[in-house]
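Work through the following exercises with the structure in view, trying each task before you read its solution.

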Amino acid sequence: MQRKLTLFVMSSLFLFFSFSSFGQTHSKNAVGLQTGYNRGFGIMGNFTIFNIAEGLPGNIRFGLGYNRLDSGNAADARRIFINNATNGVPEKDGKSFDYRIDYMMPYKLLNFKNSYLVFGPRYSSFTATFNYVGGNEKFNITSKQWGIGLGAESYFKMTSNLDLVFIAGLDYFFNGKLQGHDTSYAPNNDNVNPRNDNQNNDTPFTFRDANKAVKQPQLMPRIMVGVNYRL
């Protein structure tokens, strides 16, 4: 997974510098910031390169997002990753960082003058934190995932360099290995130190159980608003 992420980052940088050098002489670039709903609160920063190649309509964009998410069921996560204890008052927190590349294809949307269909690859780094106050137990569960995304965007000119942006879309992330404490559950059920389900004849828990208890990114609807500044 680390090798894939390294390849993703290197490819992004190569595209960034290649298209950026072209864009400096043929078109403007832009930076943007958007916030809104992304299966929870989300904020995203991005860099857009306009008119990426002669004869090829559209732009390319590199983005980084931060999201606060529902981490899942605290009681079930404890049973599946640690033990069957029930003491303590559960607290939970979830967050993810996502990295994205979008191809932005011009598309007339509801008669808006400056609109795009966007699509491209995604990568997510997710952390769910569970704390049991008074139970002396706190642990993180993490996952790394690849995904794909599709959306529609409209831009409205505010000044010569500043646009108001509306975004609606949906990202889908493929299941990733869930790791926490000294236990991990993989989509192919090549699991490490799985716990036993004391409510089901001590049958070992599976990835399906872990994935149901811990809400790693999967379907991520996005509705955001923000600004784009042309450099």
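Predicted model: local features only at pLDDT ≥ 70, side-chain atom pairs only at ≥ 80, totals over all residues.

**Exercise 1.** Decide whether Arg122 is buried or exposed, and find its salt-bridge partner.

*Solution.* Start with accessibility, where buried means under 20% relative accessible area, exposed over 50%, and partly exposed in between, computed with a 1.4 Å probe on protein chains only. Arg122 has a relative accessibility of 1%, so it counts as buried. Next, look for a salt bridge, that is, a side-chain nitrogen of Lys or Arg within 4 Å of a carboxyl oxygen of Asp or Glu. Arg122 forms one with Asp102, and the closest N and O atoms are 2.8 Å apart. Asp102 is also at 1% relative accessibility and therefore buried. Strands (E, at least two residues) and helices (H or I, at least four) are DSSP runs, numbered from the N terminus.

Residues are numbered from 1 along each chain as its sequence is written, and side-chain values use heavy atoms, with hydrogens and water left out.

**Exercise 2.** Which residues are linked with Arg122 in a network of salt bridges, and how does Asp171 take part in a salt bridge?

*Solution.* The network links Arg61, Asp98, Arg100, Asp102, Arg122, Glu153, Asp171 and Arg222. Within it, Asp171 pairs with Arg222, the closest N and O atoms being 3.9 Å apart. Asp171 lies in strand β7 and Arg222 in strand β12, 51 residues apart in the chain. Asp171 is buried at 2% relative accessibility, and Arg222 is buried at 5%. The two strands also pair, which requires that DSSP finds at least two bridges between them: 11 bridges join β7 (residues 162-173) to β12 in an antiparallel arrangement, where Gly169 stands opposite Arg222.

**Exercise 3.** Where do Asp70 and Lys215 lie, and are they buried or partly exposed?

*Solution.* First confirm the pair: Asp70 forms a salt bridge with Lys215, with the closest N and O atoms 3.3 Å apart. Asp70 sits in the loop between β3 (59-69) and α2, whereas Lys215 sits in the loop between α3 and β12, 145 residues away. Asp70 has 34% relative accessibility and so counts as partly exposed, and Lys215, at 38%, is also partly exposed.

**Exercise 4.** Which residues of the largest nonpolar core touch the most other members?

*Solution.* A nonpolar core is a set of buried Ala, Val, Leu, Ile, Met, Phe, Trp, Tyr and Cys residues joined through side-chain atoms within 4.5 Å. In the largest one, of 21 residues, the members that touch the most others are Phe81, Phe130, Phe139, Ile141 and Val214. Helix α2, β5 (115-133), β6 (137-157) and α3 (207-213) each supply at least two residues of this core. Helix α2 (residues 74-81) is mostly covered, with 6 of its 8 residues buried, including Ala77, Ile80 and Phe81. In soluble globular proteins, nonpolar side chains tend to be buried together.
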